[in-house]
Amino acid sequence: MSNSDHNNSNRLAQSPPEPKPVPPSSWAKKTGFRPKFSGETIATDSGPETTPLPNVDLESGRVQTPATANGVAHGDKPPVPVPPPPAVAKNRRDSDGVSKNSVPSANGQAAEPPPPRRTARFVPVEDDGFVSRHSHMKYELRDSPGLVPIGVYGVQHYVSILGSLVLIPLVIVPAMGGTHEETSMVVSTVLFVSGVTTLLHIAFGSRLPLIQGPSFVYLAPALAIINSPDYELRLLMLGQDRMIHIFTYKIKYVLSDFRSTNYRESDSKKILIVVWMLKFKHIMKELQGAIIIGSAFQALLGYTGLMSLLVRLINPVVVAPTIAAVGLSFYSYGFPLVGTCIEIGAVQILVVIVFSLYLRKISVVGHRIFLIYAVPLGLAITWAFAFLLTETGAYSYKGCDINIPASDMVSEHCRKHFSRMRHCRVDTSQALLSSPWFRFPYPLQWGTPVFHWKMAVVMCVVSLISSVDSVGSYHASSLLVASRPPTPGVLSRGIGLEGLSSVLAGLWGTGTGSVTLTENVHTIAVTKMGSRRAVQLGACFLIVLSLVGKVGGFIASIPEVMVAGLLCFMWAMLTALGLSNLRYSEAGSSRNIIIVGLSLFFSLSIPAYFQQYGISPNSNLSVPSYFQPYIVASHGPFHSKYGGLNYLLNTLLSLHMVIAFLVAVILDNTVPGSKLERGVYVWSEAEVARREPAVANDYELPLRIGRIFGWVKWVGL
C-alpha cells in the first residue's frame, strides 16, 4: 500500500459520521403530530427550521411545481429535474455552549460550526399542494407598518365583515316586536359593544387579531326564547276587570302598518301599541338575564382552567360539524323570506355570488375588492336596483295606499298586492329619519334584566358551543399570523375574556353574546392582514361610528328581503368555514367521514322530529312559517309534570348545533383513531413558549400584567 493510500484510509477512519437530523421538539414529539396537517414543523427551541417554498401562487393559494411552472400542464416537454441541495442539519448547543453536532477538524480540535442561519417561517403543504401558513401575509401579528396603512386595513377588515356584525339585530329585533327606531338603537349598541370587546380581547384575551361580535350561534336560541309561550302578554285594559290575551304575531302586521299612518288612532289600537312596546322590552330583559348567566358560566370555564381540560375533547372532527350545523339550521328562514319579493332577493344573492366567486381574482390597486367587499357592494347595488323599481312605480297599484293596513282595505285588488308593496318597496321605513344624530349606548338601557333558570341553562349550553367555535378560530388564525399556536393557558384566557365580553353585551342589551366571529379566519386569509394594531384601530373607528345615531338608522332601513338574501350567503359561508376545519385531519378517512356524516344528518333530523312533534298539517299557528321551528317548547315530546324541565329538553334538543356537538364529541372521543387521523389540535407547550421570545411577544399580556398574575398558570403562557 502506498503512502497516499494509507493517508486516505486514515482520513476516512477519522472522518465523523454524517450529522443526524434534529429530532422533533417535545411539544410535537409527545403528540406524534406531523406538520403537514397541523401547520407545525420540526422545530428547535429557538423556532422552526425550514426552507420557504418557492413559486407560491398567491391567487390560488397553491405552490407551483416545476412542472406546472414551466408549462407541462399544457403539453410541453417536462424539464430535466435538478437534484436538490443536500440538507444541512441545524446545530444544537448544550447549556455550556458546545455544539452537539460539531465536527472535529483534522488536528483533533472541534471546528466552529457554521454561523446560524436566519430561520424562515414554515409554509406546510397539504397533499394537494395547498398553502396553509402565513409566509405570504402582508402584515403579521406584531407588525406595525404605519398609521395610514393600519387605518386603511383596519377599516377594510371591519367593512368586509360588516354583514356578520349588523344582520343579527335586523332579525331578532323585529321578531321581538321592536320598531324600526328600536332596531336602530340595537344596531348602534352592537357596534359599540363589538368595538369595546374587541379591544379587550386583543389586549387581555388571546391577543390574536379577532373581531368580537354577535355570533350566529346565539341566534337560534334567542329565537327559541323569543317565541316561547311564556311570553303571552296579559294586560289589564283601561281599568276593566278582565284580561286580554294578545299574541305577538297576531298583531304584528297590523301594528307595523299602523305605525306608518298619520290618522288618529282608536283606543284599542293605542293599547295594541303599548302591548307591542312592552313585548319588546320584556323579551329583551329576559334575553339579557339569560345571556349574563350563560356568559358568566363561560368566563368560569376559562378563568378556572376547565377549558384547558375540555379542549382535549375538542378537535377538528368535532368543530367542523358543530359550526356547519349552525349555518344549516336556518334553511327554513333564508329563502322563504327571499321569496316574498323574489326579483329583489334573487338579485341580491346572485350579485354576491358573482362578486365572491367569478370576480374574486380581480384586483384594484392591489386589493381584491370584489372578494373582500362582496357583501357591502352587493347590498349597495341591490338596494339601488330596488330603489329604481320603487321610484318607477313597479310596486304602485292604482287606488292602493301602503300606509293603510290590509285589514282596512276595501278593494280586493289592494289586499292581493299588499304583501308585494310591503316587502318590495324601499320607502316604507322611517328609521333613518327618526334616528338622532348622536346617541350614546349605555348599560341597562332597556331596564333591569330578568333572570329565569331555564333560559339561563339554555344559554350556558350555547356558551359552551360558542367556545367550541372559538377554539377552531384560535387555532386557524394563529397558523396564519402567529409564530406558533397559543398555549392551553392562553386559550383558556381567551375563552374567559369572551365570557366577560358577553356579560357586557348582556348588560348593554344587544340580544346576543359577544364572541369571536368565525368569519375572522376567512377575512384574515383574504386580506392577508394579520396585524392586531390594525384591528384595534378599526375597533376604535367602530366605537366612534356607533355614537352616530344615523348610522344605526341607515342600517335598520335595509329592506327585510335584502337582509334575508345576505343571510343566505352568510349562513352558507359559515357552513363552509365550519367544514374547512377538516383540513387539519385526514378528511379522506372513513372514520372521520362517518362521524361528520352522522353528526350533520342527526343535527337536521332529530331537531326536525322535535319541531314537528304534535303539529298537525292543518294546524293554524300564530307565528310565520319561518319561525315555526322555534316554538317547539310549547308542543315538544317531553311532557312531564316539571314544566321547566320540559322546556329545557324540548328547546335544547331542537337546536341543530347541540345535536351535532353531542354526536361528534361522543364519537370522536370513543371511536379508535390515531392522533394524526383525528387531526388533534397541537397547542404550544408552556415551557417552550416561555423560552421562545417570539411566542412570548405574541401572547404575553401587555404592561407586565402577566407578571402580576404569573401564579395563575392555567390562564397564561
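Helices (H or I, at least four residues) and strands (E, at least two) are DSSP runs, numbered from the N terminus. This is a predicted model, in which local features need pLDDT of at least 70, side-chain atom pairs count only at pLDDT 80 or more, and totals for chains, interfaces and linings use all residues. Residues are numbered from 1 along each chain as its sequence is written, and side-chain values use heavy atoms, with hydrogens and water left out.

**Exercise 1. Describe the protein as a whole.**

Step 1: Start with the secondary structure, which comes to 32 helices and eight strands.

Step 2: Turn to burial, where buried means under 20% relative accessible area, exposed over 50%, and partly exposed in between (1.4 Å probe, protein chains only). Of the 717 residues, 52% count as buried.

Step 3: Look at contacts, meaning heavy atoms within 4.5 Å. Among contacts with a separation of 6 or more, 80% come from residues 24 or more positions apart.

**Exercise 2. Find the disulfide and say where its two cysteines sit.**

Step 1: Searching the whole structure gives one disulfide. Its partners are Cys-341 and Cys-424, with an S to S distance of 2.1 Å.

Step 2: Cys-341 lies in the loop between helix H14 (331–338) and helix H15 (342–358), while Cys-424 belongs to helix H18 (residues 412–424); the pair links distant parts of the chain, 83 residues apart.

Step 3: Work out the handedness. The torsion about the S-S bond of Cys-341 and Cys-424 is about 125°, so this disulfide is right-handed.

Step 4: Check burial: both Cys-341 and Cys-424 are buried.

**Exercise 3. Classify Cys-460 and Cys-540 as buried, partly exposed or exposed****.**

Step 1: Cys-460 has 17% relative accessibility, so Cys-460 counts as buried.

Step 2: Cys-540 has 36% relative accessibility and therefore counts as partly exposed.

**Exercise 4. Examine helix H5****.**

Step 1: Helix H5 covers residues 147–160, which is 14 residues.

Step 2: Compare its length with expectation, where the expected span is 1.5 Å times one less than the number of residues. From first C-alpha to last, H5 reaches 20 Å, close to the 20 Å expected.

Step 3: List its buried residues: Ile-150, Tyr-153, Gly-154, Gln-156, His-157, Tyr-158 and Ser-160.

Step 4: Identify what covers them; the cover includes helix H6 (162–166), helix H8 (180–204) and helix H23 (532–546).

Key. A disulfide is a pair of cysteine sulfur atoms within 2.5 Å.
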